[in-house]
Amino acid sequence: MEKILEVKDLELSFHTFAGEVKAIRGVNFDLIKGETLAIVGESGSGKSVTTKSIMRLLPEHSSEFKNGHILFNGKDLTKLTDKEMQKIRGKDISMIFQDPMTSLNPTMTIGKQIMEPILKHRNVSKSVAHKEAVDLLRLVGMPKPEARMKQYPHQFSGGQRQRIVIAIALACNPQILIADEPTTALDVTIQAQILELMKDLQKKINTSIIFITHDLGVVANVADRVAVMYGGKIVEIGTVDEIFYNPQHPYTWGLLSSMPSLDTADEKLYAIPGTPPDLLSPPKGDAFALRSDYALKIDLEETPPFFKVSDTHYAATWLLHPDAPQVDPPLAIMERMKKYPGSRYYEGTEGGTY
Amino acid sequence: MAEKLLEIKNLKQYFNQGKPNEVRAVDDISFDIYKGETLGLVGESGCGKSTTGRTIIRLYDATDGQVIYDGVNVHDKKSKKDLKEFNRKMQMIFQDPYASLNPRMKVLDIIAEGLDIHGLVKNPKERKERVVELLETVGLNREHADRYAHEFSGGQRQRLGIARALAVNPEFIIADEPISALDVSIQAQVVNLLKELQEEKGLTYLFIAHDLSMVKYISDRIGVMYFGKLVELATAEELYANPMHPYTQSLLSAIPLPDPNYERTRVRKSYDPANHNYQDGEEVAMREVTPGHFVYCSEKEMKSLKAISSSK
C-alpha cells in the first residue's frame, strides 16, 4: 500500500468582494497507488476546489492556501513555483474535465492537441509524438485513428470528444489522473463505455484515479474508496462497501436515501431539507447539523473529530462518540446495513457484531 | 385513468425537409396521455424526446400528424383567441433554470407575465397576491418576489420555473428534463414538489428525462424513444421488470446503481439495430404484446415476444 499523494490539513480560501469564502476547511486524505478514490458531495462542497488545488489551477490573485500541504513524491505542491508546477501538470498528474465540449480547443486539430503534452514534457521528435498520438487514439477506442488526427473537435460526438480528452490526459502516463465529473454530460450508454474504458486503462498503466462525481451509481461502479465531502470538509471516508453498506454520517445517510433505487416503491422520496451552508460564514460545529434530523446539541457547538469505525473507515459525527445516544438510521439505510457483516443490523450468519 | 387528455397520432417533425440534410427528429409516433397521469419519455440525446415535447406544445409546427387535446387538434389553424386559451391549458418547465429566466426581470414580473397576457388579474394588488401565493406553493416566500433570478440557487430557480408554469392554472405540464441540472439532494426536493402539486391540482405531466431511475420513480407509464421512433411503451413497473425491446434492455443495463455488489456483477448489453434483420416489406409497428405493453416490432418478433412472456 504505497501512498502516492498525501493531502494534510488543507485549508483554502477565496477572497471575494463579499469577504473570505472558506472553500476548504481542513481536508485530509491519502491516495494509494493504483486505486480509485471517489469524492462525492453537492455543488459547493469543495470537491472540485480540492482537486483544482492539487493541480494548482485556481486563480492566484483570489485564492490562498491558508494551511496544510499536498505531498506528491516528497514535494509539497502548495510550495512549488509556477515553473516547477508546469513540469508536473499534464505529466505526472493530469486531469479530465467535465465538459468535453469546452475543454478542447476548437481551432486546433485533435492530433495537435494530443501531441502537445508529449512534445512539451518529453524530449521526442514530432514524428515520434505523432505515432504515439495515433496509438493513444487507438487505445481509447477511436476508429480510424490516422484519419481522425487531422480533424477538429466539432467533427466528433460528445462521447468521442471525452475519449480524446482522456487520450490527452494519458499522453505522458500520469501517476495520478483526476477526473472531474467526466461522464456527467454524457448519456447513460456512452457513460457506461467511458467508465469501462477508464477501468481498462487503469489496469493497463496502473495509475491512481481521483474521481469526482455526484452520481452515486457511478461511484458504486468505479470506486475502491469513497470520500464524502460537505461544507468544505470530508465528513466520511471508507472503502466503497463501508460507505454504501455501513454509512455512519447523517449526511451520507441523506445522500444515499435521496436517490431512488430502481426498486423503490411509491412512497415519498427522501429529500435533504434546506440548502448547503454558506461558506462566507461557515456554521459553528457540524456544518450539516442545521439540515440534519439527527443533530445533537453538541453539533451546534463543536466540530466533531474523525471517529474510527474500522482501519479504513472514519466518520466525523458526534453520533459515534461513546456517550452519544444510539439512534436508528433511516429505513433505507438500515436495509443497506443488513447486508454488511460489520454493522449492528447485520442479518447474516458470518458472526458480525457491532 | 380512463379519460384521454391528449392523443398524439402519427406525429412527424422533420427539419430541413426535402433537403439533403433532412433530419427526421420525430418519425411517426403515436401515443395517448391520460388525465392525471405522468407519462415519462426517455432516450439518449438526439432521440427526439425534447422535439416531441416541443412539437406537442407548438413551439414547432408539426410536419405531419395530429396532437389532439381534449378532442381538438392543436395543429389546426385556429383563431388567436383559441390559441391563447390553449396556451393557458398547456405549460412547460424547461431544463436549464439559468437560461430560462430573464435576468433583467424581477421574479414578480417573471411569474406574473402569464397572468398579464391572459388577463387573469385585475389590479396590481391582486397580481402581487397571486404571485406570493404561487411562491408559497413552490416553497419560496414573499420576500423573493422583488429579487432577480441571479440571486437564487439552481434548485430555487427551478422552483420559480414551476411557479411560472402554474400561474395560469394549466391542466397539462410538459417538463423537459426539469431536474438534470440540479444536485442529487435538490433533485429529490423538486421531484417531491412536482408530485405534491399533481395530487393537489390534478395535473397531467409529460416528463422528459434521461435519468432513468428518477423517471421510474415519478412516472405512471414510460415511453422509450430511439432515433425518432417510439420503441416501447408500458407502465413504469412493467417496463423495468420486463423490458422487451432490445434497445430498452440495453438502456436499462447501462444504468449504474448505488449498490457496489450489484455493480460488480452487472453485465451491459449493447444494442445493434442490424440484429433485427427486418426483411423488405416486413411491417414494423407498435404492437401490443401484453395488455398495456407496446413494443415496436415486426409480426414475427411479436410472436416470439408473446411466447417468451407467456412462458414466464
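Student: Let's start with overall size. What radius of gyration does chain A have, and what would a compact globule have with 354 residues?

Tutor: Keep in mind that this is a predicted model. A compact globule with 354 residues would have a radius of gyration near 20 Å, and chain A has 22 Å, which agrees. Along the principal axes, the C-alpha atoms of chain A fill a box of roughly 70 × 45 × 35 Å. Of its 354 residues, 46% count as buried.

Student: And how does chain B do against the globule rule?

Tutor: Chain B has eleven helices and twelve strands. Its radius of gyration is 21 Å, close to the 20 Å from the rule for 312 residues, so chain B is as compact as a globular protein of that length. The C-alpha trace of chain B spans about 65 × 55 × 40 Å along its principal axes, and buried residues make up 38% of the chain.

Student: What share of the contacts in each chain comes from residues 24 or more positions apart?

Tutor: Counting contacts with a separation of 6 or more, such residues account for 65% in chain A. For chain B, the figure is 62%.

Student: Now the sheets. How do strands of a sheet pair?

Tutor: They pair through backbone hydrogen bonds, either parallel or antiparallel. Chain A has eleven helices and twelve strands. Eight of its strands form an open sheet in the order 6-7-8-3-9-10-12-11, with mixed pairing. Strand 6 (93-96) and strand 11 (307-310) of chain A are the edge strands, each with a single partner, so one side of each has no neighbour in the sheet. From one strand to the next, the twist averages 20°.

Student: How are strand 11 and strand 12 of chain A paired?

Tutor: In the antiparallel sense, over three bridges. Those two strands of chain A form a hairpin with two residues between them.

Student: What is the strand order in the antiparallel sheet of chain A?

Tutor: Four strands of chain A form this open sheet, in the order 2-1-4-5. Its edges are strand 2 (19-32) and strand 5 (75-76), each with a single partner strand, so each has one side without a neighbour in the sheet. Two bridges join strand 4 (residues 63-72) of chain A to strand 5, and Leu71(A) has Asp76(A) as its bridge partner. Helix 1 (residues 47-55) of chain A packs on this sheet and touches strand 1 (3-16), strand 2 and strand 4, its direction making about 75° with that of strand 2.

Student: Where does the domain assignment draw its bounds in chain A?

Tutor: Domain 1 takes 1-92 + 173-353, and domain 2 takes 106-171. The centres of the two domains of chain A are 32 Å apart, taken over C-alpha atoms. Their contact takes 13 residues from domain 1 and ten residues from domain 2. On the domain 1 side, helix 7 (residues 188-205) of chain A gives the largest share, five residues.

Student: What does the UniProt annotation say about residues 5-256 of chain A?

Tutor: The unreviewed UniProt entry annotates them as "domain: ABC transporter". Over that stretch the chain is 38% helix and 28% strand, with the end C-alpha atoms 28 Å apart.

Student: Back to burial. Why is helix 10 of chain A described as largely enclosed by the rest of the structure?

Tutor: Eight of the eight residues of helix 10 (residues 250-257) of chain A are buried, so the helix is largely enclosed. Among them are Tyr251(A), Trp253(A) and Leu256(A). Their cover includes strand 9 (225-230) and helix 11 (331-337) of chain A, together with helix 6 (184-201) of chain B.

Student: How many residues does each chain give to the contact between chain A and chain B?

Tutor: Chain B gives 28 residues and chain A gives 30 residues. On the chain B side, the elements giving two or more residues are helix 6, helix 7 (212-218), helix 9 (246-253) and helix 10 (260-265) of chain B. Helix 6 of chain B gives the most, with six residues.

Note on methods: Residues are numbered from 1 along each chain as its sequence is written. Chains are lettered from A and ligands numbered from 1 in the order in which they are written. This is a predicted model: local features need pLDDT of at least 70, side-chain atom pairs count only at pLDDT 80 or more; totals for chains, interfaces and linings use all residues. UniProt positions are given in the numbering used here, feature names are shortened, and annotations may be inferred rather than shown by experiment. A residue is buried if 20 or more other C-beta atoms lie within 10 Å of its own, exposed if 12 or fewer, and partly exposed in between; C-beta atoms are placed from the backbone. Two residues are in contact if their C-beta atoms, placed from the backbone, lie within 7 Å. Two strands pair if DSSP finds at least two bridges between them. Axes are lines fitted to C-alpha atoms, for helices over the stretch in contact, and angles run from 0 to 180 degrees between N-to-C directions. The radius of gyration is taken over C-alpha atoms; the globule rule is 2.2 Å times the number of residues to the power 0.38. Domain bounds come from an automatic or database domain assignment.
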